[in-house]
Amino acid sequence: MKDVQYNRTTVWPLGGGQPDNCYTLITGLDTYKTYLALMNIDTDQIIPAEYLTLVPSKPEEYEKLGSYALIGLPTELYEKRFIEEGRMKTQYPIVIGGQNFGCGSSREHAPVAMGAAGAKVVVAQTYARIFFRNCVSTGELYPCETDLRLCEELETGEEVEVDMNKDVLTVLATGKQYQLKPIGEAGPVVDAGGIFEYARRTGMMKVA
Amino acid sequence: MANLVDTFSSSFAGTGLTFKRHKSQRCVQQVCRNAIAAPPASSRTPSSTGVVKKALTMTEKILAKHSNNTSVVPGQNIWTSVDKLMTHDVCGPGTFGIFQREFGENAQVWDPTKIVIIPDHYIFTSDPRANRNVDILRDMVNKYGIKYFYDITDRSDFRANPDYKGVCHIALAQEGHCKPGEVLFGTDSHTCNAGAFGQFATGIGNTDAGFILGTGKLLIKVPPTIRFVLEGEMPSYLLAKDLILQIIGEITVAGGTYKAMEFTGPVIEAMTMEDRMTICNMVVEAGGKNGVCPPDETTFDYVRQRTDEPFEAVHADSGAGYIEEYRFDVSKIEPLVAAPHSPDNRRNARDCRDVKIDRVYIGSCTGGKTEDFMAAAKLLHKAGGQVKVPTFLVPATQRVWADLYGMPVAGCDGKTAAQIFEAAGCDTPAPPSCAACLGGPKDTFARMNEPQVCVSTTNRNFPGRMGHKDGQVYLASPYTAAASALAGTVADPRDYGV
């Protein structure tokens, strides 16, 4: 892959200090496809309960969890799988949702599975509270919000760029741009890789 | 029913605002919709200004007390201290994994007497990883000296494990861990169940729980409160489940997002603790952060029978500010279901009589308590006859299981629920656990492994929730579930004598 498989450590200014909050997320040429999910995607669809025996803090089980991300989406509504059969990673780093993305169970396995599969950003109208919080505290995903119903504007596989500096999503084929809401102070926490790493980097937590 | 007056006024303390509404024909009346005006922020500490008097909701007051604030306002980020942390077999191993990774192998948990570990999700399965996860919990309990662990080692007979309880939210209540005025976090979205006791309780992820393990604190945002006033005479054919399905149908699965939901009024006051748990359990289905019922003698009796630990009940101040208020005349509500595939897909049960069903499931933290089974048994006994579809019964805990066999159902000629279920042709009550409420490993009891149609007393019906992703789940009260079992279709319990 020619990209930039977007790597959190690259956006952190070398030598420490505050993040500059200036990063373009998806710059690789074949890594910016979108995957569309409709409204009220609950965490049972993101990672069905039968896979919750995998413990996300164990590295090998983390990887395996990723291979099941979004496997609970109903087949008749979603022709294309988020992760192709036999693969461990997704070809869609950007997931476009509707309203109330991540509702239901508090399982942290949900954002972790998506992150482990290679997803970087979710763009949705609204999020369920616990899912949003879990995205940020784990640093697995940027939960971006927009007032627009992008899941009806875009198509799965469409190539877009998400500029987190300007808070804009651009469709590469047409150049059409969509405004996102600023992610605010949650952004640097996701940059750091979650609340613990953020706390260490900002001096809130003593580095052992 | 207290008749709704033609116009209703309410004023909000400190805002100088008065709201009026007019009588409507619907049973749901939204009184007002107004943002709370935040008081001007002061940089002075309370010690220099004296005690600030501001009317607070229950949730605000609990969070103020737990963050050393005299007052808090919705939207304020506070560090709250934690009275109890609950985790289970699905999220416990990951939570301890994060704790050890972040705080170090030699770190100790913040307070081993305040952590409650309840294996309940995947217990009666041959899945090796599921079994391993319970073993990990046991290791962690031993390593950190954790006081409350409801262990199971002999999976062949749950009764051989006196420590084992079953579904965590019900076990928390039954074992005396739910207390008015406290702050409880749990690695499970239905932790909001404990709000029935007049406490702040909500679900969190493994990372936040790992943080609490190390510090006993969590940074949270104070939620604004929506107030639900339930009044009118409760019809004999309705159960608490119908009321919460009504509320979720009204405000949608996102209507409570980031908000506290406070339930009050004469209908709540007349409810048992189990009824109140049914209501609070499902606030997360509306996206709510927490649900809460005012604590009263019913609460205190229940708690005092189960723990000697002290507690301090908290009530909303009169004049507290609510972001919205809804009033429901429960006498006008009909038996309800939530049709596939969303808990807010509210329908009258009578309008779904043409839906043929394959099975009925009675269980879970929402619908597997003693009173849920008593209600189902009562309907089956009164109606007589045999169930037309397989009817699965999963008591939430060992105590509930014992009640099925040991407690006569009121008004049923001294028969126990187990006797009535057997006579009606239901499946034998299964070992207590979360079982098929959330699908789980393939060999989970009553899991939907085929794309069938199920009427269930559980809390969620998103695609795949009970196992098969093309399955269809109708959420219903125990009365409606039992009536549907007799009919072989979705049924209205009024047709079966309740």
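A crossing of two helices is called left-handed if the near helix is turned anticlockwise from the far one by less than a right angle, and right-handed if clockwise. In this predicted model, local features need pLDDT of at least 70 and side-chain atom pairs count only at pLDDT 80 or more, while totals for chains, interfaces and linings use all residues. Residues are numbered from 1 along each chain as its sequence is written, and chains are lettered from A and ligands numbered from 1 in the order in which they are written.

The crossing of H4(A) and H5(A) is right-handed. Helices here (H or I, at least four residues) and strands (E, at least two) are DSSP runs, numbered from the N terminus. In H4(A), A:Ala110, A:Pro111 and A:Val112 meet A:Phe131, A:Asn134, A:Cys135 and A:Thr138 of H5(A), where contact means C-beta atoms, placed from the backbone, within 7 Å.

Turning to the two chains, 35 residues of chain A are in contact with 43 residues of chain B. To the side of chain A that touches chain B, H5(A) gives the most, with 6 residues.

In chain B, helix H14 (residues 417–424) has B:Ala417, B:Ala418, B:Ile420, B:Phe421 and B:Ala424 buried. A residue is buried if 20 or more other C-beta atoms lie within 10 Å of its own, exposed if 12 or fewer, and partly exposed in between, with C-beta atoms placed from the backbone. The buried residues of H14(B) pack against helix H12 (370–383), strand S18 (391–394) and helix H13 (398–406) of chain B. Just after H14(B) comes B:Gly425, with a positive phi of about 90°.
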